[in-house]
Amino acid sequence: MALDVRREAAETARSPRPRRQITTAFVVSRIAVLAVAAAILLYAVPPLVAAGSWVSLGLLGAASAAIAYLYLTRRFVPAKYLVPGTVFLIAFQVFPVLYTVTTAFTNFGDGHRGDKAAAITAIETGSVRQTPGSPEYALTAALRGDRLVFLLVDPATKQVRVGDSSGLAPLAGARVGITGKVLSAPGLRVLKAPEAAARGQEITALAVPTGDGVIKANGLSRAVEGKAALLYDAGCDCVRGDGGPWTADESQGYFVNAGGEHLAQGWQVNVGLDNFARVLTNPTISGYFAGVLGWNLVFALASVLGTFALGMAVALALHHPRMRGTRVYRIVLILPYAMPAFAMLLVWRDMFNRDFGLINQLLGADIDWLGQVGTARLGVILVNLWLGFPYMFLVTTGALQAIPRELTEAAAIDGATPWKAFRRVTLPLLLVALTPLLISSFAYNFNNFNAIALTTDGGPFPADSPQVGGTDLLITYTFRLAFGAGGAQFGFAAAISVFIFTIVAVISAVAFRRTRRQEEIYA
Amino acid sequence: MRMRALGVAALATLAFAATACGDSQQASPSAAPAETGASASAPAAGGGTLVIWADPSRVKPLKPFADQFGAENGVTVEVKEISKDNQQTFLTASQQGSGPDIMIGAHDWIGNLVQNGAIDPVTLTDAQKAAFSPKAIQAVTFNGQIYGAPYAVENIALIRNTELAPDAPATIEDMVAKGKQLKADGKVKEVLCIPVGQKGDAFHVYPIFASAGGALFGATAGGDPDPKQVLVGSPGSVKAFGKLRELGEKGDGALRTSITNENYIVNFAGGKCAYLISGPWAMSEVKKGGIAYDITAVPPFEGGKPATPFVGVQSFFVASKGKNKALAQEFVANYVTNKDVAKALYEADPRPPALTAALQEVQASDPDAVKFMEAGKDGMPMPAIPEMAAIWEPFGIAENAVVKGGDAAKAAAAAQKAIDGSLKH
């Protein structure tokens with residue numbers, strides 16, 4: 001009852017608003033968008049069915065139904081606007097962050113990519129060795145009834161035998177071709193090449209037991225007798241064989257033996273806080289962390305302030321009412337921004353070469369620019385300045401258009417010098433608009449991997465610490481730790497990302513808080 | 001009422017989209033993994049698809065052979081081009097089940113691919129093994145198993161400008177003396193073109209380092225590199241780093257950090273130096289430069305050990321998680337070990353074939369291939385153990401430090417410490 005009353009009230013409240021016209025274009029576009037969304041969602045169905053993940057399938061069905069309902073009903077207008085953004089937020093922000101954080105608690109990386117079952121399969125197949133002195137059988141696949149059998153011809157004796165999962169038996173009356181392929185055999189249907197290829201998986205799976213090992217197909221035309229040197233025993237959760245027993249160690253995801261050695265193939269396990277502990281306790285990380293962080297901050301600040309100062313100066317110059325030919329200047333100034341940054345970074349690197357670089361040739365100098373810490377740092381900041389100022393020039397130009405000229409004129413009438421007018425009127429108004437961009441530019445430059453990796457690659461490296469270079473940022477330095485020496489270590493890399501994310505988040509949060517205060521003053 | 005009609009229309013569209021989607025799934029058997037599984041139990045006329053991943057330069061030469069193999073076996077063979085981070089891409093794709101059946105790559109990936117369970121051993125007959133150069137077979141053997149079918153062997157050698165330096169130097173000392181003399185006469189600008197750069201280059205400097213008595217790993221009982229014995233900081237290696245220092249910027253000036261991977265071949269091709277240490281990949285640029293050249297082995301130090309270059313072997317691998325393993329094995333073990341395939345790959349990208357018969361045929365038209373092979377006959381197959389990844393960078397930085405005149409003992413000790421640190425974990 002109460003509900004009805006409320007609805008009526010709502011109805012009456014809504015009635016004065018004009019009803020929205022439902023045009024054909026509106027209907028068609030809605031159907032099209034919904035159809036695309038449904039098609040994308042349905043596209044995920046077959047893999048989920050194949051993987052047998054029914055919970056995900058249920059969630060997918062519920063999500064599809066919810067989306068269809070949401071856009072076919074007239075209600076929930078705010079949700080109609082919020083849902084697409086939320087979906088993208090979950091897909092591109094929340095999910096990657098959660099995935100990174102969960103990866104940080106595992107040893108996912110080279111040697112630990114798959115699960116234990118995959119590791120066991122790899123260990124067993126990798127250990128199969130051909131029985132010494134056994135013949136290289138020529139293989140022909142055939143059918144007995146509808147069961148697959150191998151016809152094996154010993155190349156030395158030309159003797160034909162038939163093998164299936166129960167064992168080997170001699171076969172009489174078979175016709176053997178010149179290559180050792182069996183052409184026909186009584187009571188059997190010999191498979192032609194395409195037929196055999198179609199049964200590839202069965203052929204791979206068939207193992208013909210012999211006294212000592214098994215005969216398995218090696219391709220479609222040969223078979224070899226072999227024996228696995230390592231076999232998994234579920235009873236002891238260990239691998240028996242060469243150098244073993246190798247016992248499963250679930251804390252590190254390896255089969256280890258008494259001597260402390262491990263088999264090459266491992267699996268992914270949860271390692272708890274190990275990766276985080278490693279970041280904090282590893283002397284090569286903790287010992288250099290402060291230095292790298294310090295330079296990282298200098299690099300990011302210098303990049304932002306340098307590009308902003310230069311970009312703004314140019315924008316102010318072009319903004320002057322008596323400036324002529326601004327369009328030409330603008331095109332020229334945008335050029336560094338329009339060119340692909342990575343190519344430009346490589347060009348700059350070569351220009352800094354001591355003997356063959358343009359810079360030393362122009363200056364007539366013999367400076368090993370990227371070979372000394374000071375000059376290398378100056379170099380990367382200069383390169384970043386060149387790459388980054390057009391962006392600042394663009395955004396400042398835009399922001400300047402929004403500041404009424406009357407304000408500066410009024411300041412001039414009040415007797416302010418141009419510098420004072422800029423300092424007290426233009427700059428604060430500019431900063432209100434641009435501070436968020438400056439902060440995001442800081443966050444970007446703090447993790448500007450390309451600017452370092454493509455120019456100095458972290459170098460120059462002092463001889464006594466080959467792991468941390470003079471221009472290394474946290475991101476390039478940790479990238480080297482996570483992907484350089486020990487192959488790919490995704491778990492460790494994820495833990496480092498969490499740390500870097502924390503640092504950038506804290507700095508940005510503080511900066512945004514200060515901005516808000518500033519906005520309160522000037523807005 | 002109108003809204004309801006709209007809803008019905010939309011639902012109809014949804015249903016239509018759903019069926020359309022389902023149809024397209026069935027129409028392309030290669031798209032759905034479940035489909036391939038089904039084809040094994042109920043064989044159709046087509047035997048499925050064999051997927052090969054190769055780098056850009058090898059896609060075209062492989063195509064005709066792939067098609068022929070496909071026609072013979074009634075399957076579709078797809079050769080897909082992977083142009084960047086091939087090893088990582090292969091590992092990641094394999095892991096999630098969208099990888100190829102056959103991968104083409106360098107033999108030094110084997111250790112990492114094996115520890116990730118990404119490739120299977122390949123069984124070659126004794127006759128097949130004998131057809132390859134022994135170096136190639138040695139390189140693709142890991143833990144006593146052959147893991148790939150080799151098709152090209154490459155190593156670095158000394159390429160010299162015969163107009164400037166008519167005679168092949170017998171020792172590094174001879175080469176440096178001649179280079180310095182040419183530089184003093186103003187005929188060249190650099191004594192030797194070998195990349196060093198700001199991070200060193202272990203691959204190119206290795207023969208010189210080995211000749212001076214340096215070593216990276218000790219050997220296991222089986223003769224394989226032993227990851228438990230890193231010898232970068234050993235007394236022999238310290239002496240070798242000392243020799244590199246003598247050749248460096250504060251000494252003879254033969255090794256210079258300004259010569260990098262980007263400019264060393266260009267400089268040689270432009271006549272700016274008489275000697276170049278590089279591999280077969282340099283030859284197209286050297287020929288473009290139009291200079292007279294000859295290829296010999298990198299010389300050793302006087303009274304030193306042999307200057308053994310690293311040998312790299314390009315190979316075909318059978319993916320463990322491929323969907324068509326029998327076909328993949330057939331292709332790798334029995335088909336690409338064929339001479340014509342090796343020759344076609346050679347013609348597309350002239351790296352010396354690993355098959356002796358193919359090498360002999362190529363010899364007539366391209367003497368360079370044999371000269372490179374000859375220069376690498378004592379070479380050391382690049383260690384395929386995963387631990388090698390820990391060596392490159394610390395070694396390179398130590399090289400850079402001594403080339404700039406730093407202390408050899410300190411540089412070697414720091415490199416050893418860094419390597420130990422990353423291996424211990």
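**A phenylalanine and its surroundings**

Setting aside residues within four places in sequence, Phe276(A) has contacts with Ala104(A) and Ala495(A). Two residues are in contact if their C-beta atoms, placed from the backbone, lie within 7 Å. This is a predicted model: local features need pLDDT of at least 70, side-chain atom pairs need 80 or more, and totals for chains, interfaces and linings use all residues. Residues are numbered from 1 along each chain as its sequence is written, while chains are lettered from A and ligands numbered from 1 in the order in which they are written.

Phe276(A) belongs to helix H9 of chain A, residues 274-281. Helices (H or I, at least four residues) and strands (E, at least two) are DSSP runs, numbered from the N terminus. Pro436(A) is 160 residues from Phe276(A) along the chain, and their C-alpha atoms are 31 Å apart.

Chain A also has some backbone details to find. Lys158(A) has a positive phi of about 60°, though it is not a glycine. Look for Lys158(A) in the loop from strand S3 (147-153) to strand S4 (160-164) of chain A. Lys158(A) counts as exposed because it has 10 C-beta neighbours inside 10 Å. The peptide bond from Gly459(A) to Pro460(A) is cis, with omega near 0°.

The largest nonpolar core has 178 residues, and Leu151(A) and Ala398(B) have the most contacts inside it. Such a core is a set of buried Ala, Val, Leu, Ile, Met, Phe, Trp, Tyr and Cys residues joined through C-beta atoms within 7 Å. Beyond four places in sequence, Leu151(A) touches several residues, including Val160(A), Val162(A), Leu171(A) and Ala185(A). A separate second core has 41 residues, among them Ala300(A), Leu370(A), Val380(A) and Tyr477(A).

Next, the partner chain. Chain A brings 68 residues into contact with 71 residues of chain B. Helix H2 of chain A (residues 24-43) supplies 8 residues, the largest share of the chain A side. That side has 33 nonpolar, 22 polar and 13 charged residues. Here Ala, Val, Leu, Ile, Met, Phe, Trp, Tyr, Cys and Pro are nonpolar, Asp, Glu, Lys and Arg are charged, and the others, Gly among them, are polar.

Chain B holds 18 helices and 14 strands. Of its 425 residues, 54% count as buried. Among contacts in chain B with a separation of 6 or more, 74% join residues 24 or more positions apart. Chain B splits into domain 1 (48-154 + 312-381) and domain 2 (157-308 + 385-424). Those bounds come from an automatic or database domain assignment. The C-alpha centres of the two domains of chain B lie 29 Å apart. Their contact takes 15 residues from domain 1 of chain B and 12 residues from domain 2 of chain B. On the domain 1 side, helix H5 (110-115) and H16 of chain B each give two or more residues. H16(B) gives the largest share, 4 residues.

Asn143(B) is not a glycine, yet its phi is positive, near 55°.

Definitions and conventions: Buried ≥ 20, exposed ≤ 12 C-beta atoms within 10 Å, placed from the backbone.
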